[in-house]
Amino acid sequence: STPIRYYHIPHVTGVPVALSVFKALTQYPNFVGVTDSNGDQAEFEAITAALPGLNVATGTDNNLEATLRNGNGCILASGNFYTKQVAAAFQAHRAGQDVKPALQRLAEAQAAVHAATGGLNGEAVNKYTLALMLGRRDAFVRPPSAPLADEHKPKIEAAVAALRAYA
């Protein structure tokens with residue numbers, strides 16, 4: 001049967017899910033775990049503790065250390081931009097090393113990009129950033145997202161340059 005993973009992202013769905021629901025899902029043999037993108041560290045730890053033997057992955061950077069500590073994985077949007085930094089945390093974990101220096105380097109790279117962009121974010125920003133990282137000059141978003149304003153492009157270009165300094 002097809003493995004089923006629950007994607008917990010209540011700030012998008014508007015539907016918070018109680019811990020009892022996750023526990024109830026364990027009755028189904030094809031339920032393999034949860035990807036928690038809520039970002040609440042205490043809730044992430046509670047879900048992980050409630051589902052022993054299942055994979056509780058994080059979808060937020062702030063729970064990366066906890067997911068590694070519990071032997072689980074992640075699905076991070078930031079992994080598109082900070083691939084090397086996220087991979088370094090996994091490499092340190094697999095080597096039995098302290099992951100904190102790698103996580104600190106990730107935080108520094110994120111801070112450099114945030115400073116360079118002036119805090120710009122959103123789908124258009126993400127797509128343009130990724131396009132630049134791939135050597136392309138343009139990226140397009142679908143409605144209802146708005147296209148990136150031309151005046152923001154130099155800031156994102158500076159952010160990509162800052163990010164490359166952390167590679």
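## The second largest pocket

Helix α6 provides the largest share of the lining of the second largest pocket, namely 4 residues. Both α6 (100–117) and α7 supply at least two residues of that lining. In this predicted model, the second largest pocket has a volume of about 280 Å³. It is lined by 14 residues, and those closest to its centre are Tyr82, Val113, Leu120, Asn121 and Asn126. By type, the lining consists of 6 nonpolar and 8 polar residues, with no charged ones.

## The largest pocket

The volume of the largest pocket is about 510 Å³. Its lining comprises 23 residues, of which Ala77, Ser78, Asn80, Phe81 and Asn126 lie nearest the centre. Helix α7 (residues 123–133) contributes the largest share of this lining, with 4 residues. The lining residues of the largest pocket divide into 12 nonpolar, 8 polar and 3 charged.

Strand β1 (residues 4–8) pairs with β2 in the parallel sense through 5 bridges; Tyr7 stands opposite Thr35 of β2. Strand β3 (residues 55–58) also runs parallel to β2, to which it is joined by 4 bridges. Within β3, Val56 is the bridge partner of Val34. Together with helix α3 (residues 41–50), β2 and β3 form a right-handed β-α-β unit.

How values were computed: Residues numbered from 1 in each chain as written. Predicted model: local features only at pLDDT ≥ 70, side-chain atom pairs only at ≥ 80, totals over all residues. Heavy atoms only, no water. Pairing = 2+ DSSP bridges. Right-handed = clockwise from strand over helix to strand, strands pointing away. 1 Å grid on protein atoms, 1.4 Å probe; cavity = no way out; pocket = protein on both sides within 12 Å on 5 of 7 lines; lining within 4 Å. Points joined across faces, edges and corners; volume = space filled by probe spheres on them. Nonpolar A, V, L, I, M, F, W, Y, C, P; charged D, E, K, R; others polar.
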